[in-house]
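Please read these points with the model open beside you.

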Amino acid sequence: MMKINSIIKKQRIDNVLNSSKELPYEEKMSRIYDFLREEENERKAEHDDIGAFIETKKELPSKQRAFELINFYYNKYAKNFGDNEYIVFLISRGVEFRHYQSSISSVWRQISIDKIKEVSFSSTNLQTGEYIEVEVNENIDLESIEVEKSDTFHVPDFWFGDRNERQTIDATMIRVAQWCNISGFDPYWRRLFHETDIATVFQTEDRYMQLQWLYSMCRSEKAINLMQSKLQLSLDILALGDYKIGLPWRFNSYHHKTGDRIPSTSTFIAASLIFCIIRLGQKEKYKELLASAKEFVLRAQGEKGGWKACSFYKKPSIETTALCIHALALLNYDECLYAIKEGANWLIGEQDPWGLWFEDSNYFVSSPFLTVLVLDSLEISDGNTKSLTFDFDFQIQQLAVGKPAVHIENQYVFHQPQIGVVGTRAIAKENSFRQLISADNRLNSLISELEVLIQRTKEKAQEPEEFIALSEVAKAYKAASIGNLDAAKELLIASGESTVGLAKELKLDNILKLLE
């Protein structure tokens with residue numbers, strides 16, 4: 001169980017390091033090597049133990065084989081917070097949550113206290129310089145130290161994820177709290193809501209990362225109820241798409257060597273949007289977009305049943321195929337049944353010899369998260385929507401929402417007033433700026449000005465159109481950083497007239513020169 005492995009392993013590492021401080025270098029390194037060899041032997045023994053267990057289950061059907069391995073692995077070897085996706089799965093399939101509730105709660109509590117202890121001795125008031133000492137004991141009330149009002153430096157989050165869990169680990173934690181009915185950590189969840197900076201999320205140009213964060217949150221009813229306003233704002237931003245192309249799953253990518261523009265599509269984007277729109281109760285608002293997305297997803301299915309994440313990828317994606325099944329089932333299970341069944345059959349064929357799912361070409365999704373996503377898809381395919389890790393029939397309590405964008409002939413017409421003027425063409429004259437800015441100092445000045453423009457755009461952003469403008473400016477910054485000034489210019493134009501006006505206001509001359 002994680003309660004043993006994560007805490008004891010940390011204690012063992014600390015003990016090795018602390019006990020070796022005063023030793024001669026050779027002896028110190030010998031102890032460290034001994035520890036590493038012991039760790040490697042433990043990993044090999046774990047691998048052999050799991051392999052032997054799987055050998056006894058290899059004749060079981062696909063879903064049952066996965067269940068048996070997950071149950072065995074979680075109870076004996078689970079180490080990381082990301083592994084808690086498995087406990088959500090087990091409870092959703094009938095395992096009694098009380099069996100895990102107290103142990104998980106005690107682990108979280110111990111780790112949260114340890115985290116606070118690690119920094120409490122050095123806490124200071126950043127404004128006055130006054131030394132602050134937080135007395136921490138095993139009976140500490142998290143409400144009493146005001147986690148919600150404290151920054152993550154002085155009162156850190158007690159959880160963390162690996163690189164391939166960066167966009168999903170927060171949702172996993174909230175899902176575990178929901179399914180195990182764990183109380184006492186609400187200050188952390190409330191702080192998560194307050195500290196989720198939509199401007200920062202959408203400062204990256206990677207729509208995959210943006211949508212993975214959004215759809216993982218939308219797989220938790222607790223997260224939806226906690227963060228509804230921010231999730232809906234994120235959806236509104238992503239649903240706008242490229243202002244010149246119209247549909248969010250259509251975009252221009254750029255060749256990594258030549259910089260040539262490549263018209264592209266993404267089934268991942270379309271399926272994620274369908275799922276999030278329905279989960280956030282926005283079907284009526286995005287009725288026409290949903291119809292277009294459904295048609296696109298059904299056309300994009302491969303001959304063997306899988307879906308590619310993007311049109312320029314060579315083979316189907318496990319994550320995208322699982323998402324397409326989720327999306328189509330939520331839209332209309334009966335109408336899309338053939339596509340759903342074909343996708344499920346392809347997923348079964350991608351199950352690894354141990355009984356789980358792993359995508360080695362996808363650096364942004366962990367095996368526990370992906371496996372649970374796939375197993376939910378297989379249940380959906382079989383028509384069993386009552387044994388999933390999310391409530392298939394969930395109905396959100398709607399917040400007040402503004403007037404939606406109107407979808408006309410694959411283009412969006414934005415209602416007045418237009419803030420950020422995304423959707424309004426901003427025409428720039430032909431220029432020879434690429435030739436004029438060959439010197440490194442001019443290019444560096446342009447990049448510095450783009451950093452200033454990003455920061456000021458971020459500070460002003462409140463409406464979906466303004467966040468889209470921020471995303472375009474961030475893309476322009478990245479293009480300029482690799483010397484692709486034509487792309488940088490095009491992206492700045494795409495950000496809208498308000499961005500140009502802000503550049504004028506800030507007297508960012510190199511940006512204005514680029515746009516001449």
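Which residues does Thr371 touch, not counting residues up to four places away in sequence? The points below begin with the ground rules and then take up this residue.

1. The model is predicted, so local features need pLDDT of at least 70 and side-chain atom pairs count only at pLDDT 80 or more, while totals for chains, interfaces and linings use all residues. Residues are numbered from 1 along each chain as its sequence is written, and side-chain values use heavy atoms, with hydrogens and water left out.

2. Thr371 touches Ile70, Tyr86, Leu356 and Trp357, leaving aside residues up to four places away in sequence; contact means heavy atoms within 4.5 Å. A polar atom of the Thr371 side chain lies 3.1 Å from the backbone nitrogen of Trp357. Thr371 counts as buried because its relative accessibility is 0% (buried is under 20% relative accessible area, exposed over 50%, partly exposed in between, with a 1.4 Å probe and protein chains only).

3. Thr371 lies in helix 15; helices are DSSP runs of H or I with at least four residues, numbered from the N terminus. Helix 15 covers residues 367-381, and its 15 residues should span 21 Å at 1.5 Å a residue, which agrees with the 21 Å between its end C-alpha atoms. The expected span is 1.5 Å times one less than the number of residues. Of the 15 residues in helix 15, 15 are buried. Gly383 follows the helix, with a positive phi near 80 degrees.

4. Helix 3 (residues 62-77) packs against helix 15 at an angle of about 145 degrees, with the axes 11 Å apart. Axes are lines fitted to C-alpha atoms over the stretch in contact, and angles run from 0 to 180 degrees between N-to-C directions. Helix 3 contributes Ser62, Lys63, Ala66 and Ile70 to the contact, and helix 15 contributes Thr371, Leu375, Leu378 and Glu379.

5. Cys324 is placed in helix 13 (residues 318-332). At 0% relative accessibility, Cys324 is buried. Cys324 touches Thr267, Ala271, Val297 and Trp307, again not counting residues up to four places away in sequence. Phe275 is 49 residues from Cys324 along the chain, and their C-alpha atoms are separated by 8.5 Å.

6. Two loop residues deserve a look. Asn181, in the loop between helix 6 (169-179) and helix 7 (186-195), has a positive phi near 55 degrees without being a glycine. Asn181 counts as exposed because its relative accessibility is 52%. Lys507, in the loop between helix 20 (497-505) and helix 21 (509-514), is not a glycine but has a positive phi of about 55 degrees. Lys507 is exposed, at 66% relative accessibility.

Definitions and conventions:
Polar contact = N/O pair within 3.5 Å; in protein donor to acceptor, adjacent residues only side chain to side chain.
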